[in-house]
Amino acid sequence: MFSSVSASSGYLPFDVSLSRSRELGVSWGVLPDRVELSVSDYLSPAPADVAGEFASSVVGRIRGGRMAYGPLYREWVGSPAFALANRPVYLSRSRNLTGVTAGGERDLLESLDRLSDMGLVTGEDLRASMFSWTRRPNYTRVGYCSPAMRLVAVSSSLDSEDVPEWVLDYVVYHECLHLRQGYRPSSRAHDAGFRRAEREYPYAKEAEKRLRSMKAGRSRK
């Protein structure tokens with residue numbers, strides 16, 4: 001696909017290889033006679049029109065433009081079908097995820113129930129999604145979300161009776177907002193709309209303060 005797109009654009013030929021990295025992505029190096037391109041193997045089954053649009057975006061970026069993925073590509077990668085098909089591979093490449101919601105002291109499903117009861121998350125937010133604890137605690141990155149895989153991971157540093165439920169719920173809510181955003185490559189994740197929605201959590205300021213305190217306390221040890 002890249003050879004035909006680059007030829008039609010008058011650009012150098014492409015030498016394409018597939019990457020088995022955990023995250024979805026693309027990287028390249030421009031040589032005098034060709035472009036060496038590494039593309040995530042998650043994209044190998046892309047339909048021809050999606051692949052062509054993706055290739056055009058990459059060529060445009062290499063030629064000095066901004067990376068602006070087209071609607072066909074964003075819709076395909078952002079679909080629940082893409083997440084369900086590729087998440088098992090993502091999990092197999094994620095050594096720090098337990099793959100379950102039940103921790104030693106807390107269960108992420110209970111956190112989601114509380115957020116649902118508060119009207120902060122909906123079934124549509126959680127559609128085709130998965131939640132998991134991390135195996136190793138992280139006090140700096142207490143949660144992350146892969147919108148393409150519809151997966152939320154929460155640091156096991158929060159799986160403790162010493163951490164109030166409202167602090168854990170705030171972290172889970174924050175990551176659910178990323179699920180609500182969906183797959184948005186080349187867009188700011190924490191834009192003004194995200195911050196407004198984040199402030200709907202009743203104890204957002206208190207939770208942020210508690211998380212900063214946990215991080216600072218850990219760094220002094």
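This is a predicted model: local features need pLDDT of at least 70, side-chain atom pairs count only at pLDDT 80 or more; totals for chains, interfaces and linings use all residues.
1. Residues are numbered from 1 along each chain as its sequence is written, and side-chain values use heavy atoms, with hydrogens and water left out.

2. S4 (residues 130–133) and S6 (residues 151–154) run parallel and are joined by four bridges. Strands here are DSSP runs of E with at least two residues, helices are runs of H or I with at least four, and both are numbered from the N terminus; two strands pair if DSSP finds at least two bridges between them.

3. In S4, Phe 131 and Trp 133 point one way, Met 130 and Ser 132 the other, and all are buried. Buried means under 20% relative accessible area, exposed over 50%, and partly exposed in between (1.4 Å probe, protein chains only). In a regular strand, side chains alternate between the two faces of the sheet.

4. Next, the rings: the whole structure holds nine aromatic pairs. One of them is Trp 76 with Phe 82, edge-to-face at 5.1 Å centre to centre and 70° between the planes. Rings of Phe, Tyr and Trp (its six-membered ring) pair if their centres lie within 6.5 Å; planes under 30 degrees apart are stacked, over 60 edge-to-face, and the rest tilted. Phe 82 counts as buried because its relative accessible area is 4%.

5. Trp 166 and Tyr 203 have ring centres 6.1 Å apart and planes at 55°, so this pair is tilted. The two residues are 37 apart and link distant parts of the chain: Trp 166 is in helix H6 (residues 165–181), and Tyr 203 in the loop between helix H7 (192–198) and helix H8 (204–219). Trp 166 is partly exposed at 30%, as is Tyr 203 at 41% relative accessibility.

6. Finally, have a look at Asp 191, in the loop between H6 and H7. With 21% relative accessibility, Asp 191 is partly exposed. Leaving aside neighbours within four places in sequence, Asp 191 contacts Gln 181 and Arg 184 (contact means heavy atoms within 4.5 Å).
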